[in-house]
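Student: Please show me the model. I would like to go through its contacts with you.

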Amino acid sequence: TYWVGAKDENVSAQKAIDSYGGVYDIFIPNDGKLVIKNSSIGGIFVHNHGQLTLSGNTKVDRIISSQLVNGTINVIKYAEVTLIDVNQYSNSYPPKVNISAGATVGTLQLNSINPTKIAIDEAANITKIIHKGVEYTSIADFKASL
């Protein structure tokens, strides 16, 4: 497990990934910022105010964020994630989830998240979206429900 300790320590995290050829789990604590490009990761755990961006040929088994406050999860073109599970802690400071065109997500589970903070491009590849207990198999159906 690699701990992204200080704010903006994304350089050290990427250096660890590059040096060891892969890191199985990463924990992003309060105010941590992580940018991952062209890597394979088992799990990424995002805590309050954490910021995560995946791009390039990156593959992640799961992104978990329990009660995220004002954080951001970005999945950009070519990145693949099997499961994203995000829970909002506060209506005053909801997290942002952005899935770009060309990104692939198996299951996107969004519990109690403010719909205005969810941005999913129509050209993203998402198998299943679960929002507040309701399952959607198309991005269009999910967006129509918001």
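Predicted model: local features only at pLDDT ≥ 70, side-chain atom pairs only at ≥ 80, totals over all residues.

Student: Which side chain meets Lys143 in a salt bridge?
Tutor: A salt bridge here needs a side-chain nitrogen of Lys or Arg within 4 Å of a carboxyl oxygen of Asp or Glu. For Lys143 the N to O distance is 3.5 Å. The partner is Glu122.

Student: How many salt bridges does the structure hold, and which residue pairs with Glu80?
Tutor: The structure holds 2 salt bridges. In the pair with Glu80, the closest N and O atoms are 3.7 Å apart. Glu80 lies in strand β8 and its partner in strand β6, so the pair ties together parts 21 residues apart in sequence. The partner is Lys59.

Student: Is Lys59 buried, partly exposed or exposed?
Tutor: Buried means under 20% relative accessible area, exposed over 50%, and partly exposed in between (1.4 Å probe, protein chains only). Lys59 has 38% relative accessibility. Therefore Lys59 counts as partly exposed.

Student: How many bridges pair β6 with β8, and in which sense?
Tutor: Two strands pair if DSSP finds at least two bridges between them. Within this pairing, Ser65 stands opposite Val86 in β8. Strand β8 covers residues 80-88. The count is 7 bridges, and the sense is parallel.

Student: Which strand joins β6 through 5 bridges?
Tutor: β6 spans residues 59-68. Ile41 stands opposite Val60 in β6. The strand joined to β6 runs parallel to it and covers residues 40-46. It is β4.

Student: Why is the aromatic pair called edge-to-face?
Tutor: A search of the whole structure finds 1 aromatic pair. The rings of Tyr136 and Phe142 have centres 5.6 Å apart. Rings of Phe, Tyr and Trp (its six-membered ring) pair if their centres lie within 6.5 Å; planes under 30 degrees apart count as stacked, over 60 as edge-to-face and the rest as tilted. The pair is edge-to-face because the planes are at 65°.

Student: What is the relative accessible area of Phe142?
Tutor: Tyr136 is buried, at 15%. Phe142 is buried too. Its relative accessible area is 1%.

Student: Which residues does Val69 touch, leaving out those up to four places away in sequence?
Tutor: Val69 sits in the loop between β6 and β7 (72-75). Val69 is buried, with a relative accessible area of 10%. Contact means heavy atoms within 4.5 Å. The residues touched are Asn48, His49, Tyr89 and Tyr93.

Student: How far apart in space are Val69 and Ser90?
Tutor: In sequence, Val69 and Ser90 are 21 residues apart. In space, C-alpha to C-alpha, the distance is 6.4 Å.

Notes: Residues numbered from 1 in each chain as written. Heavy atoms only, no water. Helix = DSSP H or I, 4+ residues; strand = E, 2+ residues; numbered from the N terminus.
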